[in-house]
Each structure stands twice: as structure tokens, then as C-alpha cells.
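Student: Could you walk me through this one? I'm new to it, so let's go piece by piece.
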Amino acid sequence: MKSSNPIGERPVLSVPGAARRRRRSLVAATVVLMLVALTGAISPVASNELPNIVVIVADDQGYGDIGVQGAVGFRTPNLDRLASEGVRFDSFYVSQAVCGASRASIMTGCYANRISWHGAPGPASRQGLHHDETTLAELLRPAGYATAFYGKWHLGHLPEFLPTTQGFDEYYGLPYSNDMWPQHPTATDFPGLPLIDGTTVIDPSVDEHEQSRLTEAYTRRAIDFIDRQRDRPFLLMVEYAMPHVPLFPGRAFVGSSEQGAYGDVIQEIDASVGRIVDAIDRHGLGERTLIVYTSDNGPWLSYGNHAGSAGPLREGKGTSWEGGVRVPCLMRMPGTLAAGRVVSETAATIDLLPTIASFAKRSLPERRIDGVDLYPLLVAGDRSNVVDRPYFIWFGTELQAVRRGKWKLVLPHAYRTLVEPGADGKPGPYRQQRCGLELYDLEQDLGETTDVAAANPEIVRELQQLADQARTALGDSLTGVVGAEVRAPEKASN
Ligand SMILES: [Ca+2]
């Protein structure tokens, strides 16, 4: 059972759906009994009947950066195909609009604040995701899954925190962002950027040529992994370095789009996703494989022509406005997920772990998590886990917004906004701006242009109460509240 819930009878931060899970187990047991009655026999569920799980994450790709969501200057036929063959989430959130914190939530199903994983840890960090947390790989490996992580980790770069210590059989990639290198346009103190295979640094200082080969290298590893593991269930995670700056499209994609380097790297990622999907289908695994595609946060607007687009959304990466935290999310599993369906309810990366747990018939981690199970919504159209769920948006340790239904309450805070965009790999300046207590109706006003707090005092009050409960649990430095449920990260051993 979960730990006791100090917030009240109905969990505000976490809806593990234990009762629902029990009901589903009962239904499943009934179906099995009926089958036994009909056939007179029952065979145990073989591990090769468990679904494969593939999670692909782009870096800093904006809400507007896929074709079906209005991309301009480049094409994403393979991502669009995932949308037409599967489910597209139209209101899908990261936990924080920054790489490291966002990835911690993808991996654990927790708000980053619950597990104290903030910002974008660089080479000077001495911490890692705590080994007592359950990663996606640790959730699935005990059921016989082969597990691989290729790409940007960002959950602790020291050897004792790398993916192979967190449930993954294989790792190949960069331990943090690809701009944390000596050629950074403004910072001067980054050491060489290491490329790691397993726990071995195979290149201590990645250069421009190697950056341009990263997307291909990750894709090739992913396809090889699928080829090798096709006869057993597998978890494959591919977290591309791009389109995070610095942008280095592979040679075959240079000049392929109308939008320069940014469009070129997106088109390479898109083609790579197509190859991964083709590899799955080539082995006849399409109907047995849940593919998830998303991004870790919105576009890094200060990079101008090297940044993506949030489309109609306000602001971008590093803010809790919609452009920072609402990202593309596509899921495909033919025969199980309806083709071409659009989900408009609030869903988030914290939901991936509990959802994948349901697909793979795994119990939730012992330690409390925050996401909800999207399985009933995806498979049976049961919206009860997502309707009116509160969703909380922190940046760093500041609780900056609360979303519920069509409403978003923005709490008073300072945020960065662009003075003028940079160009060609050089960032432009931001300035700090303050907002007050503001309410937005995201159905009527997706761009968060018109504060309607004064006209809806009851909604404001309800969302403020939810914010109070979230602060009590997970903290808020804006109001000086220390969270009672916050868990520590792990410190390096020496
Ligand atoms: Ca990012």
C-alpha cells in the first residue's frame, strides 16, 4: 500500500487508482475464469506477451514543432504518422520547463519536487537520482524486460548514477546537455563533453563532428537493440540531444528543410523515429509495442532561429506559461489505441510510469508517486483518472501555477521574457518580469492573454486551496513552505 496521505482522504497530488486497479483485476480475473470455462484450459501469461515499451524524448522541441500542430519551415511526416495511427495528446505537460527536472519525472512518475531534482545539473553536480526511487527500467526489468537507454541522461553524470546503475542493461549517450562543453557561447568553464558507453567514457571531449553524428548513433543503437531483443519484452528509451542547442544535423540532413539548422535537426529526428517504428513493424511487433514520443520542455526562445516554436502558446522554456510546459505527445499501439484520436484532457510526463505499469501489468513503486494511470483513458475511454485532476507546475522550488480542467491559476512570481532573440547559435537577452495572481481559461484563451481572475473568484479560491495542499506536500519557496513529503536526492559517495 501507499504511505498514508497527509493531505486528506482523496489524494490531491496522487491518484494511484488502487481501487480502480483492484476493480480491473477483478474484471480481468472474471474474464480469465470465463475463458477457462469455455476452453477448459488456461496457459500462463508468457513474458513475450508483455508489450514492448519505447519512449522517445526530444530536447526543447516546442508544442508547435510537429506538422500536425502547425510546424512551419520543416516537415515531420513520421511524427504525423504516429498521430494518425495512434493518440495525440493536445494538453500534455512536462513537470518543469527545464531538462533535468523534466527527465526525472519521465523516469519516476514523480513531480521533480518530490524527489528534489531541479534545473539542469552540469558537470559540477555531485548528486544523482536517488537509487531508492524506482525508474521505468527498475519497474520493468523484474518482469523479464531487456532495458536500454540511449541519449541524454541528466539524472546524475557520475559513474555511480549512470543508467546502468538505475535498471538499464545498456547505456550510450551524453550524461547531460550537449551545450555543456567548452564551445558554449556564453559560459567559459565547461570541461570536455563526454560520450559514454555503459560506464566507460569513450570520448572525453565530443567535437562538432561527433555532435552531428549523435542522432544517427542513438538511432542505430535503438534499431540494433530492437533487432537483438525482438523475442523478449523490452524497454527502449531514446532521448535525443537535439533540437537543444548547439544544433548539429547529420550530414544527410544539412539543408534539408526551409528553416535552417533547427528544421534540419527536427527532420533528422523525425526520420529517425520513422526508422525505429519501421524496425518494430518489420519484426511484427507493432501491435505489441507501446511507442511514446514527447519532448522535455518548450522552445528555448532566446536562441532565435535556432529555437523551436510553441505555436499559439505563451513564452517558452524556463517559464511555467504554456509554451514552457505544454509539449507534443504521441502514443501508438495499433489494435489497442484508437487511431487518429486526440486527447484534450490534462496529461503529463508524470503519468508515463503508472501508465506503463498498467500496460506491463506491474505494481506501482513502493514509494509514493504523483502521476495518474492513463491506461483506462487510452484503452477504454474511461476519463475518470483525468477529469478535473489538479496539475501543479513548479519551476525550481517555486510553485508557479495550477491547472484544473480548462482553468489555469498563475501564482505571483517573476519569470524571464525575451528582450530580443539571438541568432545562429548565440542567445539573445532575457529580462525578468513579474506576474500577479492571474486566472486563464485555456479553452477560450490558449495563449494566456486575458486574466479572468476578477470575474471568477470562486475558481480562484478553489485553485488556491489546491495550491496550498501541493505546497504542504512538496514545498514552495515563493511562500516559504517546506514540503512534508519531499525526498532527498543521492549525494556522491566521495
Ligand atoms: Ca530540454
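Student: Let's start with strand 10: which residues lie on one side of the strand and which on the other, and are they buried or exposed?
Tutor: Keep in mind that this is a predicted model. On one side of strand 10 are Thr289, Ile291, Tyr293 and Ser295, on the other are Leu290, Val292 and Thr294, and all of them are buried, which leaves both faces covered.
Student: OK, what does strand 10 pair with?
Tutor: Strand 1, residues 52-58, runs parallel to strand 10 and is joined to it by seven bridges, with Ala58 having Ser295 as its bridge partner. Strand 10 also pairs with strand 11, residues 329-332, but in the antiparallel sense and over four bridges; there, Ile291 has Arg332 as its bridge partner.
Student: Switching to helices, how do helix 5 and helix 6 sit against each other?
Tutor: Helix 5 (residues 208-229) packs with helix 6 (residues 260-282) at an angle of about 5°, and their axes are 9 Å apart. Because angles under 35 degrees count as roughly parallel, that is how helix 5 and helix 6 are described.
Student: Which residues meet there?
Tutor: From helix 5 come Thr215, Thr219, Ala222, Ile223, Ile226 and Asp227, and they meet Glu268, Ile269, Ser272, Arg275, Ile276, Ala279 and Ile280 of helix 6. Sorted by class, this contact has seven nonpolar, three polar and three charged residues.
Student: New topic: what is the order of the open sheet with four strands?
Tutor: The order is 14-15-16-19, with antiparallel pairing. Strand 14 (390-395) and strand 19 (438-441) each have a single partner strand, so they stand at the edges and one side of each lacks a neighbour in the sheet. From one strand to the next, the twist averages 20°.
Student: How many bridges join strand 16 to strand 19?
Tutor: Four bridges join strand 16, residues 407-410, to strand 19, and the two run antiparallel; Val410, for instance, has Glu438 in strand 19 as its bridge partner.
Student: Which helix packs on that sheet?
Tutor: Helix 10, residues 457-474, does, touching strand 14, strand 15 (398-404), strand 16 and strand 19, and its direction makes about 130° with that of strand 15.

Technical notes: Residues numbered from 1 in each chain as written. Predicted model: local features only at pLDDT ≥ 70, side-chain atom pairs only at ≥ 80, totals over all residues. Pairing = 2+ DSSP bridges. Axes fitted to C-alpha atoms, helices over the stretch in contact; angles between N-to-C directions. Contact = placed C-beta atoms within 7 Å. Buried ≥ 20, exposed ≤ 12 C-beta atoms within 10 Å, placed from the backbone. Parallel < 35°, antiparallel > 145°, perpendicular 65-115°, else oblique. Nonpolar A, V, L, I, M, F, W, Y, C, P; charged D, E, K, R; others polar.
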